[in-house]
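Hi,

Here's the structure I promised to pass on. Have a look at it first, and my notes on its aromatic rings follow below.

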Amino acid sequence: MLFGKKRSLYGRLIFLVLVVVPVVIWLVATGVGTHFSTAGNILKSIGKACAFMGFATYCLQPVLSMRFFIVEKLFGGLDSVYLLHKQAGKLAFYLICIHPILLAAGGLLNGVGFLGIWNWESASVLIGVFALVCLILLTGFTVYVHTKHQKWVYVHRLFGWLLPVIVLHALLANAQITHIIPLYIYMLLLAEIGFVSFLIRSVFGIFIHRYRYVVAEVLTVTPAVTELVLKPTGIPMNYTPGQFAYLTLKSKVVDSEPHPYSFTTANNGPYIRFAIKNLGDDSAKMKYITPGTPALLEGPYGTFSLHNSKRAQQIWIAGGVGITPFLAMARSLKPGDKHHIHLFYAADKLDDAVFMRELIAIRKMLPDNFEFNLVNKQWSGFVTADVVGKSIKNFAEADYFICGPPGMTAALKKGLTAKGVSEEHIFNENFSVM
C-alpha cells in the first residue's frame, strides 16, 4: 500500500508531463522571445498555451475512465485514477474556456477592433463557439443537475463525442498546431488515443473482461441493506479481501449500468457476496432482484487491503456502509495470523451497525488478532482521532485504513496526522469519486 501512494504520485507526474509537452514543443519551435514583445502578445501566447494544455487534458480523460488494470496500477488504485479524472475534467474546462478570452484580450491590446477579433464567417470560429457552448452546457448539467444515474451517464458520454469537434476546430483554425509538425503529430496522436479509448469503453464496450455469475440468493440484512449472493456460471473471479468490482445485473428492475461494490466475502469459496445499502436510484431496488438473475462482474479493482500493508498492527475505521471491505478482510482472518487488528465501526444508530453480531463472533474466535469497537453517535458521538487514541497503544506505529463518508474520512486524516501519524500510513477508499 505504501507503494500505491508513490505510484499515485508517479502517475500524476506522467500525466502532467503529457499535458505540458505540447507547450514545450510549441515554445521550442517558435522561440520563447517572440511571445513577450507586447502585452497583447503575452496574453495571446498564454491563451494558446491554455488551448494546448486544455486539449491534451481533454484527450486524456477517456483513458483515465477506461478502468484498465495497467492504468490503475500506475496510479495506485482506481479511486486515485477517478479522483484525477474528476480534477482533470475541471482543469480542461477552465483551460479551454480561458483560451478564447485571452486571445480576444490580446487582440484588443494589440489594437484590433472589437468587431475584428473574430472572423464570424470562418468555419473554425463557428465550430469553436459551438464546441465551447456544448462544453459549458454539458459541464453545467453533470455538475449541477441532479438526475438519475442512467441519464447522467448518457449525458456524460457526450463529452466523448465532443472531442472530434474540438479537433476539427483546431485543424480548421490554420494555427500553429498545423504548421509545427511535431506538435501536429503529438496532438493528433493524443486525440486518436482519447477517442479510441472512448469508443472502446463507452460506445462498444469491447476488450472488457467480465465474469459471468447468477444471483443465488437475495437477503434482507436490514430494511436499508440488501445482500446479494452470487455464484459463478463460468470461471470465478479471484480477488483480495478489501477489493471491489463493478456489478451489472441483467434485470428490468435496475438499469444496465455497472456499479462498484466491495466484496464482503473472504474469497475462500465459490460464492461472492455484496452488501448494498439503499442510497437511492438502483440501490433502493436491489431487494426486488430475484434469484436466477444473470450478473456480470468487472474487476477486481482497488489496493485497499490488509495484505497490502507491511505493518502487523492495523487500525480499521468504518463509517456506515463503509464496513463492507472490512467485513471481507475480517472474514479472511485466521488463528495464528501475524496481523493485530482493531476495528472501529461508526454508526449513527445501533440498527445501522449491520453484521455487528458476526464481527463480535470473529472477535471471540480471534481474541489475539482482532478487536472491535462500536462507536455509536447516540452514545459516544462521532469517531475521531481522539476516540481511536484512547484504545490504541503505540499510536503512530500502526497502519490506518478508513472507509466511510468523505467528511468523516477527511476529519480522521486531519486528526491522525495532527497526532503524529504519517500520511504514508493512512489509507482510504474514495468511493465518492466512482
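I counted 17 aromatic pairs in this predicted model, where rings of Phe, Tyr and Trp (its six-membered ring) pair if their centres lie within 6.5 Å, and planes under 30 degrees apart count as stacked, over 60 as edge-to-face and the rest as tilted. Take Phe 69 and Tyr 301: the ring centres are 5.2 Å apart and the planes are at 25°, so this pair is stacked. Phe 69 belongs to helix α3 (residues 69-75) and Tyr 301 to strand β6 (residues 294-301), so to speak distant parts of the chain, 232 residues apart. Helices (H or I, at least four residues) and strands (E, at least two) are DSSP runs, numbered from the N terminus.

Phe 69 is partly exposed at 45% relative accessibility, while Tyr 301 is buried at 1% (buried is under 20% relative accessible area, exposed over 50%, partly exposed in between, with a 1.4 Å probe and protein chains only).

Tyr 239 and Phe 263 are stacked too, with 3.8 Å between centres and 10° between planes. Both of these residues are buried.

There's also one aromatic cluster, made up of Phe 304, Trp 316, Phe 326, Phe 370, Phe 401 and Phe 427.

Finally, the charged end of Arg 67 sits over the ring of Tyr 246, 3.8 Å from its centre (that takes NZ of Lys or CZ of Arg within 6 Å of the ring centre and within 35 degrees of the ring normal).

Residues are numbered from 1 along each chain as its sequence is written, and side-chain values use heavy atoms, without hydrogens and water. As the model is predicted, local features need pLDDT of at least 70 and side-chain atom pairs count only at pLDDT 80 or more, while totals for chains, interfaces and linings use all residues.

Cheers
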